Amino acid sequence: MPPRSDYLPRPAGIAVNNAQARGWGTGWPKCQKGRMAVVVRAGVKVFVRKEIAPLVATLLEATEKRYGYDVKSGQTWGYACRAIRGSQKPSNHSWGLAIDINSRTNPMSATFKSDMPPGMVAMWWNCGFYWGGWYRTRPDAMHFEYVGRPGDVSRHLAAARKHLSGPATKATGRGEFSGPPLRLTRPPTRGDRVTWVQERLNVKGAAPKLATDGVWGPKTDAALRAFQKRAHLVVDGIYGPRTHAALAA
Ligand SMILES: [Zn+2]
């Protein structure tokens with residue numbers, strides 16, 4: 001099993017368990033069962049919200065084909081009309097926006113445990129799914145939940161199709177998409193992840209300090225290049241995996 005440090009670090013500033021605010025309507029206890037669709041792929045059958053069904057199908061297929069990770073039936077689920085365990089808060093499973101994969105080898109536990117290839121986790125994240133393995137108090141490595149809005153699905157589906165069409169990769173490493181996952185542009189242009197990069201550049205000594213406004217402009221570009229120079233990276237202004245790792249460290 002890969003150590004936790006092999007995986008992409010927990011992304012900052014992502015609002016989870018707020019699906020209603022993201023435009024998905026009500027969850028538990030007013031579950032919208034009629035809005036679920038069945039996905040039969042990678043040897044399993046799961047129910048998820050119909051809008052994300054093609055996305056989940058593509059990711060399940062890519063999980064097996066590209067990362068060689070066997071998705072197992074009997075321990076892989078989607079929709080469940082319930083609260084988060086031990087709480088009165090609706091689970092993302094109650095919207096059909098979460099999926100648990102291979103529960104036996106990825107148990108919810110006080111100590112982190114997962115047999116998933118790190119690249120696979122990076123792929124799901126790149127396609128809009130936050131990983132339960134990132135939870136601070138009780139890691140839940142089987143769990144992936146969609147943190148996008150309905151309007152984000154087509155972009156994430158396009159990203160998933162791109163992953164699926166790539167060559168099979170080794171089961172190690174953080175995957176080819178370990179940069180800013182929700183908006184994969186190089187350099188990123190705008191959005192939450194840019195705010196995170198700006199915050200990290202400030203922590204890492206950007207002078208003058210950057211405004212954390214989520215806009216990738218000349219000042220952020222200059223600060224990134226200065227950081228790359230200090231970190232002995234290639235000074236190209238490109239926000240790639242190495243720069244991301246150095247900034248996240
Ligand atoms: Zn779950």
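Begin by selecting arginine 225, which is partly exposed in this predicted model with a relative accessible area of 33%; here buried means under 20% relative accessible area, exposed means over 50%, and partly exposed lies in between, with a 1.4 Å probe and protein chains only. Residues are numbered from 1 along each chain as its sequence is written. Because the model is predicted, local features need pLDDT of at least 70 and side-chain atom pairs count only at pLDDT 80 or more, while totals for chains, interfaces and linings use all residues, and side-chain values use heavy atoms, with hydrogens and water left out.

**Salt bridges**

A salt bridge is a side-chain nitrogen of Lys or Arg within 4 Å of a carboxyl oxygen of Asp or Glu. Arginine 225 and aspartate 221 are 4 residues apart in helix α6, so about one helical turn separates them; helices (H or I, at least four residues) and strands (E, at least two) are DSSP runs, numbered from the N terminus. Elsewhere, salt bridges that share partners join Arg35, Arg49 and Glu51 into one network, and the structure holds 6 salt bridges.

Select lysine 65 and glutamate 61 next, whose side chains meet in a salt bridge of 2.7 Å, N to O. Both residues lie in helix α2, 4 residues apart, about one turn of the helix, yet lysine 65 counts as exposed at 55% relative accessibility, whereas glutamate 61 counts as buried at 19%. Then turn to aspartate 152 and arginine 155, which form a salt bridge of 3.1 Å, N to O; aspartate 152 counts as buried at 17% relative accessibility, and arginine 155 counts as partly exposed at 34%.

**An arginine without a salt bridge**

Which side chain of opposite charge is nearest to arginine 200? Select glutamate 199, which is 7.6 Å away, and note that arginine 200 is buried yet has no salt bridge; in this count Lys and Arg are positive and Asp and Glu negative, while His and the chain ends are not counted. Arginine 200 sits in helix α5, residues 192–203, and its side chain reaches the backbone oxygen of alanine 249 at 3.1 Å. Leaving aside residues up to four places away in sequence, arginine 200 touches Leu247, Ala248 and Ala249, where contact means heavy atoms within 4.5 Å.

**The zinc ion**

Move to the zinc ion and show the residues around it: His93 (NE2), Asp100 (OD) and His143 (ND1) coordinate the ion at 2.0 to 2.1 Å. Donors are N, O and S atoms within 2.8 Å of the metal (3.2 Å for Na, K and Ca), and water is not among the atoms, so sites may look incomplete. In sequence, the donor residues are spaced H-x6-D-x42-H. Aspartate 100 lies in strand β3 (residues 98–100) and histidine 143 in strand β5 (residues 143–146), so this pair ties together parts that are 43 residues apart in sequence. Aspartate 100 is buried, with a relative accessible area of 6%, and histidine 143 is buried too, at 5%.

**Nonpolar cores**

Select Leu60, Ile101, Trp124, Phe129 and Phe144, which touch the most other members of the largest nonpolar core, a group of 47 residues. A nonpolar core is a set of buried Ala, Val, Leu, Ile, Met, Phe, Trp, Tyr and Cys residues joined through side-chain atoms within 4.5 Å. The largest share of this core, 7 residues, comes from α2.

**Backbone details**

Most residues other than glycine have a negative phi, and most peptide bonds are trans. For contrast, select tryptophan 28 and proline 29, joined by a cis peptide bond with omega about 0°, and then alanine 207 and proline 208, where a cis peptide bond also has omega about 0°. Proline 29 is in the loop between α1 (20–24) and β1 (36–41), and proline 208 is in the loop between α5 and α6 (218–230).

Finish with two residues of positive phi: asparagine 102, near 50°, and histidine 232, near 60°. Are they buried or exposed? Asparagine 102 is buried, with a relative accessible area of 1%, whereas histidine 232 is exposed, at 72%.

Note on methods: A polar contact is a pair of N or O atoms within 3.5 Å; within protein, one must be able to donate a hydrogen and the other to accept it, and residues adjacent in sequence count only if both atoms are side-chain atoms.
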